[in-house]
Amino acid sequence: MKNLIVLIAFFMAATTFSMAQKIVYVDTDKVLNSMPDYKEAQQQIDKITEKWQKEIQSKYSEIEEMYKAYQAEEILLTDDLKQRRQNEIIEKEKALKDTQKAKFGHEGALFKKRQELVKPIQDEIYAAIQKMATQSAYDFVLDKSSGVSILFANEKYDKTAEIMRSLGIGGDE
């Protein structure tokens, strides 16, 4: 009887142990910000953004000048000319807003450029994470930087440095 109880306890412990899941986490923002390719991509995106913002600001200034000129001449214009000038200003504003949306809007040119430049880098990180998780038999790998609420994380489960080393960027920070 005593052997049976010990045997049952052993199987219960073995079952509990085998059901334990191995969970680790990685700070992908830290990995990304340590990658030279990512920094270069960000610089390219910043340059494009600055260029487009200057173009849009220049066009806003043109529209503002048109409006000021219209206001200065308004009392001298016929109703037909007033309407034509107002429509001209409105059309330029509409075109500018459309351009702004095409460049900076959801799924606009900036979004697509960011995807083009950053997605391959993110894919490289995710491939390294997947390789590490498979080799080390981890059940879950959480991203500390992605907004998942991790209220506490024991440093011994942080695999950020391991991922950084596997990508050749060092992780001894």
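**Salt bridges and helix packing**

Start with Lys113. At 24% relative accessibility, Lys113 counts as partly exposed. Its partner is Glu116: the two form a salt bridge, with the closest N and O atoms 3.3 Å apart. Both sit in helix α5, 3 residues apart, so about one helical turn separates them.

One caveat before I go on. This is a predicted model.

Why do such pairs form at all? Side chains of opposite charge can pair when their charged atoms come close. Searching the whole structure gives 7 salt bridges. Here are two others.

Lys54 and Glu50 meet through their side chains, at 3.3 Å from N to O. They are 4 residues apart in helix α3, so again the separation is about one helical turn. Lys54 is exposed, at 55% relative accessible area. Glu50 is partly exposed, at 42%.

Next, Arg85 and Glu73. Their salt bridge has an N to O distance of 2.8 Å. Arg85 belongs to helix α4, residues 79-104, and Glu73 to helix α3, so this pair ties together parts 12 residues apart in sequence. Arg85 is partly exposed at 22%. Glu73 is partly exposed too, at 34%.

Now the overall layout. The protein chain has 6 helices and 2 strands. From the N terminus, the order is α-β-α-α-α-α-β-α. Of its 173 residues, 23% are buried. The chain exposes about 12,700 Å², and carbon and sulfur atoms supply 55% of that. Take contacts between residues at least 6 apart in sequence: 77% of them join residues at least 24 apart.

Which helices pack with their axes within 9 Å? Helix α3, residues 36-73, and helix α5, residues 109-136, do, crossing at roughly 170 degrees. That makes α3 roughly antiparallel to α5. On the α3 side, the contacting residues include Tyr38, Ile45, Ile48 and Trp52. On the α5 side, they include Leu110, Leu117, Ile121 and our opening residue, Lys113.

Asp139 is in the loop between α5 and β2. Asp139 is partly exposed, at 44% relative accessibility. Asp139 and Gln21 are 118 residues apart in sequence, yet their C-alpha atoms are 5.9 Å apart.

Strand β2 covers residues 140-143 and contains Phe140. Phe140 is partly exposed, with a relative accessible area of 41%. With Ile23 and Leu142, Phe140 forms a nonpolar surface patch of about 240 Å² accessible area together.

That's my tour. Over to you for discussion.

Conventions. Residues numbered from 1 in each chain as written. Predicted model: local features only at pLDDT ≥ 70, side-chain atom pairs only at ≥ 80, totals over all residues. Heavy atoms only, no water. Patch = residues over 30% accessible without salt bridge, like charges linked within 9 Å, V, L, I, M, F, W, Y side chains within 5 Å. Areas by Shrake-Rupley, 256 points an atom, 1.4 Å probe, with all protein chains shown as cover. Salt bridge = Lys/Arg side-chain N within 4 Å of Asp/Glu carboxyl O. Buried < 20%, exposed > 50% of the residue type's maximum accessible area, 1.4 Å probe, protein only. Axes fitted to C-alpha atoms, helices over the stretch in contact; angles between N-to-C directions. Parallel < 35°, antiparallel > 145°, perpendicular 65-115°, else oblique. Contact = heavy atoms within 4.5 Å.
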